[in-house]
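Subject: Structure for you to look at

Hello,

Here is the structure I said I would pass on. My notes on it follow below.

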Amino acid sequence: MKFRRLDSFFFWSLFFLLLDQVSKNWSLSQTGLFVYHNYGITFGLFPGNIPVRILHWIVTYLLIFLLVKHSWDGLVQRHLLTIFYVSLIIGGSLGNTFDKIIKGYVVDFINFGMFIPFWPSDWYTNLADVF
């Protein structure tokens, strides 16, 4: 049972990473769909400000590391839904990390402003951010 849950964790993390990458590549291939190239951090803040971006990455990955470390020891005993949630976070963060490393920016193409009245119309996101 232990290996089944760990396999499930790795499977779902990889699945969400691939889902994020496929959705971003799909959005880039669509004509008429607004795609935002996010060179900054969350919601495009601080584009071009390298020290702030580096600090953001350090804090983000430190928190992710602590989350995984905290839940890893008990991950095999936890409910499968917990494994699913942690996999969402890992897959999403890896998806945006790959974008930053490979492309130099993160592809954002989802705008909730159409559905949520208080959502700013110029804030775009992607599946990894939703995860």
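Please keep in mind that this is a predicted model.

S13 sits in helix α1. With a relative accessibility of 8%, S13 falls below the 20% limit and therefore counts as buried. Setting aside neighbours within four places in sequence, S13 is in contact with S87, I90 and G91. The C-alpha atom of S13 is 8.1 Å from that of V86, although 73 residues separate the two along the chain.

S27 also belongs to helix α1, which covers residues 2-29. The relative accessible area of S27 is 0%, so this residue is buried. Apart from residues up to four places away in sequence, S27 touches L33, V35, V107 and F109.

Nonpolar core

The largest nonpolar core is made of six residues: F9, I64, V68, I83, V86 and I90. Two elements give two or more residues to this core, namely α2 (50-75) and α3 (80-102). The biggest share comes from α3, with three residues.

Helix α3 itself has 23 residues, and at 1.5 Å a residue the helix should span 33 Å; the C-alpha atoms at its ends are 32 Å apart, which agrees. After α3 comes G104, which has a positive phi near 90 degrees.

Aromatic rings

Searching the whole structure gives nine aromatic pairs. In one of them, F11 and F15, the ring centres are 6.2 Å apart and the planes are at 20 degrees; under 30 degrees counts as stacked, so this pair is stacked. F11 and F15 are four residues apart in helix α1, so about one helical turn separates them. Both are partly exposed: F11 has a relative accessible area of 48%, and F15 has a relative accessibility of 36%.

W12 and F16 make another stacked pair, with 5.7 Å from centre to centre and 25 degrees between the planes. They too lie in helix α1, four residues apart, or about one turn of the helix. Are W12 and F16 buried or partly exposed? At 27% relative accessibility, W12 is partly exposed, whereas F16, at 5%, is buried.

Charged pairs

Side chains of opposite charge can pair when their charged atoms come close. The count of salt bridges in this model is three.

One of them joins the side chains of D20 and K24, at 2.9 Å from N to O. D20 and K24 are both in helix α1, four residues apart, which is about one turn of the helix. Both residues are buried.

K24 forms a salt bridge with D99 as well, and here the closest N and O atoms are 2.7 Å apart. K24 is in helix α1 and D99 in helix α3, so this pair ties together parts that are 75 residues apart in sequence. K24 and D99 are both buried.

D99 also has K103 as a partner, with 3.6 Å between the closest N and O atoms. K103 is partly exposed, with a relative accessible area of 27%, while D99 is buried at 1% relative accessibility. Through shared partners, the salt bridges join D20, K24, D99 and K103 into one network.

The chain as a whole

The chain contains four helices and two strands. Along the sequence they follow the pattern α-β-α-α-β-α. The chain has 131 residues, of which 36% count as buried. Among contacts with a separation of 6 or more, 65% are between residues 24 or more positions apart. The accessible surface of the chain is about 8400 Å², and carbon and sulfur atoms account for 73% of that surface.

Regards

How values were computed
Residues are numbered from 1 along each chain as its sequence is written. This is a predicted model: local features need pLDDT of at least 70, side-chain atom pairs count only at pLDDT 80 or more; totals for chains, interfaces and linings use all residues. Side-chain values use heavy atoms; hydrogens and water are left out. Buried means under 20% relative accessible area, exposed over 50%, partly exposed in between (1.4 Å probe, protein chains only). Contact means heavy atoms within 4.5 Å. A nonpolar core is a set of buried Ala, Val, Leu, Ile, Met, Phe, Trp, Tyr and Cys residues joined through side-chain atoms within 4.5 Å. Rings of Phe, Tyr and Trp (its six-membered ring) pair if their centres lie within 6.5 Å; planes under 30 degrees apart count as stacked, over 60 as edge-to-face and the rest as tilted. The expected span of a helix is 1.5 Å times one less than its number of residues. Accessible areas come from the Shrake-Rupley method with a 1.4 Å probe; for residues, only the protein chains shown count as cover. A salt bridge is a side-chain nitrogen of Lys or Arg within 4 Å of a carboxyl oxygen of Asp or Glu.
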